[in-house]
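Subject: The structure, and what turned up in it

Hello,

Here is the structure you will be working with. Please open it and keep it on screen while you read.

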Amino acid sequence: MAKAIRIHDYGGPEALVLDDVEIGAPGAGEALVRHTAVGLNFIDTYHRSGLYKLPQLPHTLGVEGAGIIEAVGDGVTDFAPGDRIAYGSGIGSYCELRVMDASRLVKLPDEVSDEQAAAMMLQGMTARYLVRRTHRIEAGETVLIHAAAGGVGLIFCQWAKHLGATVIGTVSSDEKAALAQKHGCDHTIVYTRENFVERVAELTGGAGVPVVYDSVGQDTWEGSLDCLQPLGLMVSFGNASGPAPAFTVLDLMRHGSLFVTRPVLAHHIGTREDLVETVDDLFAVVASGAVKIEVNQRYDLAEAEQAHRDLEARRTTGSTILIP
Ligand SMILES: NC(=O)c1ccc[n+]([C@@H]2O[C@H](COP(=O)([O-])OP(=O)(O)OC[C@H]3O[C@@H](n4cnc5c(N)ncnc54)[C@H](OP(=O)(O)O)[C@@H]3O)[C@@H](O)[C@H]2O)c1
């Protein structure tokens with residue numbers, strides 16, 4: 001038996017329940033993992049609320065964790081008991097112990113701690129595909145990212161800066177603005193009191209930006225389109241304020257022959273080769289010091305409900321972990 005935070009029905013943070021669950025032995029291709037740290041991500045709130053449906057209920061929440069392998073099933077040759085591992089795509093991580101597909105795991109190098117890994121696997125791999133695949137950021141470009149002081153935001157700002165971009169970031173408070181600036185954000189806009197479209201126009205001499213990274217969704221969609229240069233790229237990758245509204249293809253013409261994409265991490269690490277390439281890149285920028293992982297909130301696993309409340313109330317910055 002192991003402790004796990006599950007939902008029995010979709011709902012608010014109060015839907016999170018601490019349960020005792022039975023853990024079986026790992027089957028073929030699987031590993032038994034004991035978590036030392038679990039990552040908290042905004043997607044966990046979508047799974048909890050039902051915006052993203054789970055395969056069945058009750059279900060353990062969470063998609064990211066780090067820990068130690070206790071046992072492996074038949075056919076697993078890349079991992080052995082005692083290995084330090086982490087993952088950023090495997091629903092069911094809010095628990096002490098779990099069985100999971102071993103092909104989703106990566107070994108941790110000595111210089112990456114368990115807490116860092118649990119804090120960065122999902123958000124860091126997301127930042128990586130945003131800056132290297134969705135749009136390959138070139139030195140000298142100016143890019144806009146919303147929620148710049150969040151988990152993905154702080155990693156993104158540092159990485160984009162490292163690649164030579166000028167980063168404009170929106171945040172909801174002066175404290176978050178200072179934090180984003182400390183992590184490579186050249187210009188911050190407090191979008192709760194400033195008009196971010198006007199500020200981006202000022203900062204770019206009226207030209208607009210070639211790419212907007214928008215994870216806020218509903219509240220920023222329209223303004224984000226207005227920040228783009230003709231032929232610019234709108235990257236809608238999240239729904240923190242609610243899903244982005246429906247639009248017509250003609251809207252893209254009116255806003256300047258825009259491109260739009262709605263990427264998700266799973267499609268960027270679907271093969272073992274893609275996962276390894278992505279993680280290698282992430283570990284390299286962290287090991288070099290170009291990207292620092294900020295674990296700014298820690299909760300006991302049993303306090304997951306409070307962690308969800310704080311995340312949704314915009315009280316967190318950087319990354320958050322749960323300790324089983
Ligand atoms: N598509 C993908 O592959 C992928 C992968 C990872 C994450 N994401 C998305 O990226 C975003 C960031 O994820 P994260 O885990 O790093 O979270 P986070 O950025 O640490 O937290 C979300 C932030 O969104 C901002 N926000 C704006 N309006 C909000 C509202 N109405 N309610 C709550 N927050 C609001 C807040 O920053 P301010 O207070 O500064 O506004 C808040 O801190 C999420 O939308 C997530 O779904 C997408």
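Below are the main findings, one region at a time. One caution before you start: this is a predicted model.

**The six-stranded sheet**

Start with the open sheet of six strands. Its order is S11-S10-S9-S12-S13-S14, and the pairing is parallel. Strand S11 (187–190) and strand S14 (259–261) are the edges. Each has a single partner strand, so one side of each has no neighbour in the sheet. From one strand to the next, the twist averages 15°.

Three bridges hold S13 and S14 together, in the parallel sense. Met234 is opposite Val260 in S14.

H3 touches S9, S10 and S12, and its direction makes about 175° with that of S9. Helix H5 (residues 196–203) touches S9, S10, S11 and S12. The direction of H5 makes about 160° with that of S11.

**The nonpolar cores**

Which residues have the most contacts inside the largest nonpolar core? They are Met125, Leu130, Ile137, Phe156, Trp159, Tyr213 and Phe283. This core has 55 residues. Several elements each supply at least two of its residues, including helix H3 (151–162), helix H4 (174–182), strand S12 (209–214) and helix H8 (272–287). H2 gives the most, with eleven residues.

In soluble globular proteins, nonpolar side chains tend to be buried together.

Take a closer look at Trp159. Leaving out residues up to four places away in sequence, Trp159 touches Gly124, Ala127, Arg128, Val131, Asp281, Leu282, Val285 and Val291. There is also a second, separate core, with 16 residues. Among them are Ile168, Tyr191, Met234 and Leu252.

Next, find strand S3 (residues 30–40). Is S3 mostly covered or mostly uncovered? It is mostly covered: eight of its eleven residues are buried.

S3 pairs with these strands:

- S5 (residues 65–72): seven bridges, antiparallel. Arg34 is opposite Ile68 in S5.
- S7 (residues 97–101): five bridges, antiparallel. Ala31 has Met100 in S7 as its bridge partner.
- S16 (residues 319–323): three bridges, antiparallel. Leu40 has Thr320 in S16 as its bridge partner.

The pairing carries on from S5. Four bridges link S5 to strand S6 (residues 84–87), in the antiparallel sense. Here Gly67 is partnered by Ile85 in S6. S6 then pairs with strand S8 (residues 106–107) over two bridges, again antiparallel. In S8, Val106 is the bridge partner of Ala86.

**The three-stranded sheet**

Another open sheet has three strands, in the order S2-S1-S4, with antiparallel pairing. Strand S1 (residues 2–7) and S4 are joined by two bridges. Ile7 has His59 in S4 as its bridge partner.

Leu16 lies in strand S2. Is Leu16 buried or exposed? The cut-off for buried is under 20% relative accessible area. Leu16 has 8%, so it is buried. Without counting residues up to four places away in sequence, its contacts are Ile5, Arg6, Ile7, Arg48, Leu61, Ala304, Glu305 and His308. Compare Leu16 with His308: they are 292 residues apart in sequence, but 9.2 Å apart in space, C-alpha to C-alpha.

Helix H1 (residues 42–49) packs with helix H9 (residues 304–312). The angle is about 110°, and the axes are 10 Å apart. H1 and H9 are therefore roughly perpendicular. Which residues meet there? From H1 come Phe42, Asp44, Thr45 and Arg48, and from H9 come His308, Leu311 and Glu312. By class, that contact has two nonpolar, two polar and three charged residues.

Happy exploring.

Best wishes

Note on methods:
Residues numbered from 1 in each chain as written. Predicted model: local features only at pLDDT ≥ 70, side-chain atom pairs only at ≥ 80, totals over all residues. Heavy atoms only, no water. Core = buried A, V, L, I, M, F, W, Y, C linked by side-chain atoms within 4.5 Å. Buried < 20%, exposed > 50% of the residue type's maximum accessible area, 1.4 Å probe, protein only. Contact = heavy atoms within 4.5 Å. Axes fitted to C-alpha atoms, helices over the stretch in contact; angles between N-to-C directions. Parallel < 35°, antiparallel > 145°, perpendicular 65-115°, else oblique. Nonpolar A, V, L, I, M, F, W, Y, C, P; charged D, E, K, R; others polar. Pairing = 2+ DSSP bridges.
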